[in-house]
Amino acid sequence: MAQLLNDDIIKQIQEVFAGLKNPVHLMFFGSKHDCPYCDDTRQLVEEVAAISDMLSFAVYDMETDGDLAAKYNVDKAPGLVIAAREEEQITDFGVRLSGIPSGHEFTSLIQDIILVSNRDSGLNPQTRAFLKGLDKPILLQVFVTPT
Amino acid sequence: MIQAEMVEATEFPELSMRHGVSGVPQTTINDGKAHVVGAVPEQNLLAEIQRVVTK
């Protein structure tokens, strides 16, 4: 398959990724069934991961790696977990992308990587204080369209 | 405790329809307990989360 990212885009991303502070692990979950965007998404994320040494990339299958998908609460394909990594230790911050991050959402992918790399949500102190005290899980699903 | 998931609406039409997504971005909290339409300020989203967890 032809490369999805052109040299110009790669150069721009290289510039932003030069500031990455800590390693980020990208876990892609695909499916062989009814997933028209799985191949493109896998390739796109793989190309992004190749841009910086701070990024690692792994490919999983929703069916054959069902236990891992369940562990990370991934129920859609293509699904992407953007996690922190220290050596072999993966820390999940709960950041997920479901569907292809193309168009405007490509920026979301890049921003999410930077956010996780910085290990800082950027939220204000009151928000942090409240969220720290949560005793039941919260799922925020942000619906977007790529255009 | 918190999971934040970007969902590409056109690829998951059943879920989008179930949550009545008509404009984007829409943030749905805990599978439909609350919906926030638009890119709202942080405190507005926080207020909605607080409403969901306290009710």
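**Figure 1. Pairing of β5(A) with β1(B) in the predicted model.** The bridge partner of A:V95 in β1(B) is B:A4. These two strands, β5(A) and β1(B), pair in the parallel sense over 4 bridges; strands count as paired if DSSP finds at least two bridges between them. Helices (H or I, at least four residues) and strands (E, at least two) are DSSP runs, numbered from the N terminus. The model is predicted: local features need pLDDT of at least 70 and side-chain atom pairs count only at pLDDT 80 or more, while totals for chains, interfaces and linings use all residues. Residues are numbered from 1 along each chain as its sequence is written, and chains are lettered from A and ligands numbered from 1 in the order in which they are written.

Figure 2. Strand β3 (residues 79-86) of chain A runs antiparallel to β5(A), joined to β5(A) by 3 bridges. A:S98 in β5(A) stands opposite A:G79.

**Figure 3. Pairing of β6(A) with β1(B).** Strand β1 (residues 2-8) of chain B pairs with β6(A) in the parallel sense over 7 bridges. Opposite A:V144 stands B:E8 in β1(B).

**Figure 4. The contact between chains A and B.** Chain A contributes 29 residues and chain B 27 residues, where contact requires C-beta atoms, placed from the backbone, to lie within 7 Å. On the side of chain A that touches chain B, two or more residues each come from β5 (95-98), α4 (104-118), α5 (125-132) and β6 (138-144) of chain A. β6(A) gives the most to this side, with 7 residues. By class, this side of chain A has 16 nonpolar, 9 polar and 4 charged residues (nonpolar: Ala, Val, Leu, Ile, Met, Phe, Trp, Tyr, Cys and Pro; charged: Asp, Glu, Lys and Arg; polar: the others, Gly among them).

**Figure 5. Chain A as a whole.** Chain A comprises 5 helices and 6 strands, in the order α-β-α-β-α-β-β-β-α-α-β from the N terminus on. Of its 147 residues, 31% count as buried.

Key: Two residues are in contact if their C-beta atoms, placed from the backbone, lie within 7 Å. A residue is buried if 20 or more other C-beta atoms lie within 10 Å of its own, exposed if 12 or fewer, and partly exposed in between; C-beta atoms are placed from the backbone.
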